[in-house]
Amino acid sequence: MNAKTMAGIRGSLILAAALLIAIVLSLMIGQIRLSAADLWTGLLTGKGPGALTLRVLRGPGVVTAIGAGAALGASGAIFQILLRNPLAAPDVMGFTSGAGLAIVCGVLAGTSLPMPLLSAAGGLAAACLVAILAIKRDGSQVPITLILVGLGIGFLTAAANSFVVTRLPPEQAAEAQRWLTGSLAARDWGHAGQVFGCGTVLAVILVIQVRALSLLELGDDLATGLGLKSNRARLQLAGTGVLLAATGVAVAGPVPFIALMAGPLGMRITGAKQPGGRILSAAVAGAIITVLADLAARSIVPGLQLPAGVMTGIFGAPYLLWLLSREMDAGDI
Amino acid sequence: MRAMAVAVLALVLAAVLTLTVGVREGGFSLVWQALSAFDPNDPAHIAIQSVRMPRLIAGLIAGAALGMAGTIMQAITRNPLADPGILGINAGAAFAVVIGSLIAGRADNGLMAALAFPGAAAAAVAVFALGGGLKGDAGPVRLTLAGVALSAMLLSFVSAIILARNEALEVFRFWVTGSLAQAGMRPLGYMAIAAVFGACLAIAIAPRIEALSLGSALARGLGTKPGRIQLGALVAVTALTGAAVGVAGPVAFLGLLVPRLARRAGGHVLRRELIASAILGAAILLFADTIGRIVIPPTEIRVGTMTALIGAPMFIWMARRLRAGASA
Amino acid sequence: MMLENDNALKAEGLTIGYGERTVIDNLSLDFPAGRMTAILGPNGCGKSTLLRALARLITPGKGKVTLGSDNIFSMDTRALARRLAILPQASKAPEGITVADLVRRGRTPWRGLFSAWSEADAAAVARALKEVGLTDMSERPIDQLSGGQRQRAWVALVLAQDTPCLLLDEPTTWLDLTHQIEVLSLIRERNRAQGVTVVTVLHDLNLAARFYDTLVLLGPNGMVAAGAPQDVLTEDNLMIGFGLSAMVVPDPITGTPMVVPR
């Protein structure tokens with residue numbers, strides 16, 4: 001076994017351990033502090049404070065956070081690989097806020113459609129708009145134009161969101177604002193089931209598509225020469241990416257910057273170079289970030305439950321700035 | 001010159017609409033009476049003097065200030081996407097206001113206004129430093145993304161505070177979008193002074209900014225000091241944006257819309273462009289405000305939402321047009 | 001009244017480096033008033049660096065540059081800009097700007113903070129436009145002009161600056177031969193008509209010999225030669241400066257030296 005593979009395995013173990021630690025910490029810390037022993041007893045016997053926490057208080061939220069983070073992280077990695085640009089994430093390009101807007105509007109209009117469906121519709125609509133507006137008539141696409149147009153769509157949905165929020169009565173306004181910031185408070189097993197159910201289906205589809213992604217990485221001409229219908233493959237991959245992001249948004253709201261950060265973070269730790277490995281490590285990294293952001297948001301100010309999106313916003317923005325300065329120095333933008 | 005005349009006409013029309021639209025009966029003649037022969041016993045007259053007039057004045061200050069600020073920023077950064085909202089300067093002012101009133105435990109107008117200026121200045125310096133503006137040519141993409149990131153971070157803080165305190169949400173959720181409602185409660189006089197100061201400074205240094213927009217080497221060859229021009233522009237933008245945030249909250253996208261139109265009226269002479277931006281900025285803001293009031297009665301769409309709904313498509317259109325080389 | 005000698009540019013003991021690397025080492029040179037001097041040399045020999053130092057765009061580590069009797073590094077910025085103009089390489093025009101508006105910006109050093117546009121400003125702009133032959137196109141946007149016209153508009157900007165000393169950094173790069181000759185001709189006309197001191201960084205040796213009074217040849221290890229074209233463009237100097245084996249023959253039209261690489 002060569003050194004590179006060893007490093008990869010070590011990185012994967014580190015990532016897995018980090019996720020485990022994040023989960024345990026997240027289960028232990030809260031208004032009532034638990035010890036690891038309490039949790040262990042609760043897990044084994046199904047009795048005591050540990051069991052209650054696992055089953056009702058924190059368990060569902062943490063599991064939902066893992067699912068939502070993984071979905072968002074994987075989605076980010078897909079777009080980053082597809083557009084070959086670390087800035088190309090569904091949250092930067094307005095897909096997640098489109099999904100969020102659709103859900104808020106749907107709920108306010110009183111529809112009985114399930115959240116993931118609304119979310120998917122909104123995300124796909126935003127993605128289509130971005131594609132239509134940014135891709136030139138001859139089919140060529142400039143990643144930077146896609147990103148900027150996506151930002152514009154994000155501005156538009158943000159305006160619509162704030163309009164909706166100002167129209168609501170105070171109680172609902174606070175609730176909607178929380179949700180639009182991205183929050184994992186008060187999630188139940190229904191949410192967890194939802195995100196893992198949809199996520200699993202999409203993951204299976206992604207496994208089938210991943211080979212096309214590794215061909216597309218070689219450039220369109222070569223990929224076509226190798227027998228791939230590049231445009232169709234790209235469209236399918238983008239579709240899966242949007243739906244993954246929408247799955248995350250449906251249970252956690254449009255939490256900003258997770259999709260942006262997860263890919264590069266996962267890749268740095270595991271050293272994965274192949275699309276499959278990058279997406280997997282991005283999913284795990286996304287889960288870690290989300291679990292920790294939720295933990296920080298609910299414990300940083302005692303007695304106050306902030307939405308997780310506030311934390312990812314505060315820490316994700318400096319990352320974006322750092323990324324910018326690095327990309328600039330490398331002359332990529 | 002004809003375009004300038006059109007702009008002035010548009011402003012007059014916008015001002016008249018702001019005063020008259022939605023006045024229940026009497027319309028224009030009632031407004032005219034309230035202004036020319038004010039009767040302190042007539043409630044309709046009082047309403048016009050105490051509600052409509054402040055709204056008009058606030059719109060004039062904020063619109064003119066944001067229009068000019070956008071024009072200066074676009075000239076100095078050579079970035080057609082520059083706008084106080086997009087580059088995070090509004091967010092800086094909003095952040096300072098929200099944090100300051102949280103610490104002080106009060107949210108009166110004097111305090112909010114006094115905090116808006118340092119907040120705007122700090123954000124402007126930060127976004128230029130982060131966007132590479134201090135080193136020389138900052139590409140539009142880099143500066144824009146730096147602004148977006150800065151806004152996202154500052155607004156995350158703001159929403160953390162707002163969500164933590166429900167009473168704060170009530171005050172700020174309206175203010176944060178940008179609105180001309182309740183303008184009578186805002187410190188219009190002081191903000192007008194700040195805006196006029198910023199406008200004079202901008203007009204004074206306009207020829208220097210023109211030189212700088214040819215590139216820093218040529219600008220120095222023309223006998224200007226780039227650092228000093230940038231500082232002057234920064235002070236002007238801060239005064240203008242701070243004043244606008246003080247009277248209307250962080251209204252975004254006006255600074256993006258206006259310069260392009262102002263160029264039609266003012267050609268490529270920055271002083272004329274600045275004057276045209278002031279006129280057009282005020283006109284557009286007042287129009288947007290009036291439309292927001294009447295489009296789905298009885299609800300009022302905040303003017304900040306209106307400008308965003310117009311401005312975001314404009315942003316997309318301009319992003320598409322960015323020359324390949326200009327994206328560097 | 002300005003004396004003729006006030007327009008002479010002089011470098012004394014210039015030493016300029018970027019970080020560790022010394023680009024120009026203890027260089028002294030005269031750029032006589034009313035003459036046209038071309039700075040030649042291979043890429044990376046410090047031609048542009050020298051020109052930028054002459055225009056005070058960079059500060060040398062050692063040495064000084066004088067314009068007449070004044071050290072340019074201690075002069076007031078605006079006062080210097082009224083006596084010395086520089087056209088940097090490959091300048092980028094603001095989007096959509098017209099020729100006239102671009103050229104007007106050359107009047108910046110002559111305008112006070114609140115002073116209005118004066119007769120003298122208008123006259124200088126009109127004259128500059130006429131000299132470069134763009135009077136009829138003055139209201140056209142720059143983006144719509146051909147490459148040669150665009151470069152002439154930039155030259156007009158520094159001509160409108162109306163200085164007795166004019167520095168240009170590769171004003172003919174990217175132009176085809178016709179336009180190169182056009183640009184150099186109009187610079188020479190200004191020089192002959194008003195006795196303007198001209199210093200230009202150029203790539204084309206033969207054009208330099210044709211249009212310029214004095215040539216300065218820089219090599220990888222400092223200055224190789226300076227003087228009249230026939231004294232500078234010799235086979236030996238070309239070998240030292242460019243590492244180029246070439247024959248020098250008289251130009252059949254002007255009689256100036258012409259370099260023919262072997």
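Let's begin where chain B meets chain A: in this predicted model, the contact draws 42 residues from chain B and 45 residues from chain A. Together the two chains bury about 3500 Å², and carbon and sulfur atoms supply 80% of that area. Polar links are counted here too: there are zero salt bridges between chain B and chain A, and one residue pair is in polar contact, with both residues at pLDDT 80 or more. On chain B, the elements that each give two or more residues to this side are α6 (140-164), α7 (166-175) and α13 (303-321). The largest share comes from α6(B), with 15 residues. By residue type, the side of chain B that touches chain A splits into 28 nonpolar, eight polar and six charged.

Now turn to the contact of chain B with chain C, where 24 residues of chain B meet 34 residues of chain C. The buried area is about 2400 Å², of which 54% comes from carbon and sulfur atoms. Within chain B, the residues that lose the most area to chain C are B:L214, B:L222 and B:H268, which together make up 26% of what that side buries.

What salt bridge can you look for between chain B and chain C? The count is one, and the pair is C:R105 with B:E210, whose closest N and O atoms lie 3.8 Å apart. Six residue pairs are in polar contact across this interface, again with both residues at pLDDT 80 or more. Here α8 (188-212) and α9 (216-221) of chain B are the elements giving two or more residues, and α8(B) provides the largest share, six residues. The side of chain B that touches chain C comprises nine nonpolar, six polar and nine charged residues.

How values were computed:
Residues numbered from 1 in each chain as written. Chains lettered and ligands numbered in written order. Predicted model: local features only at pLDDT ≥ 70, side-chain atom pairs only at ≥ 80, totals over all residues. Heavy atoms only, no water. Contact = heavy atoms within 4.5 Å. Buried area = accessible area lost by both parts, 1.4 Å probe. Salt bridge = Lys/Arg side-chain N within 4 Å of Asp/Glu carboxyl O. Polar contact = N/O pair within 3.5 Å; in protein donor to acceptor, adjacent residues only side chain to side chain. Helix = DSSP H or I, 4+ residues; strand = E, 2+ residues; numbered from the N terminus. Nonpolar A, V, L, I, M, F, W, Y, C, P; charged D, E, K, R; others polar.
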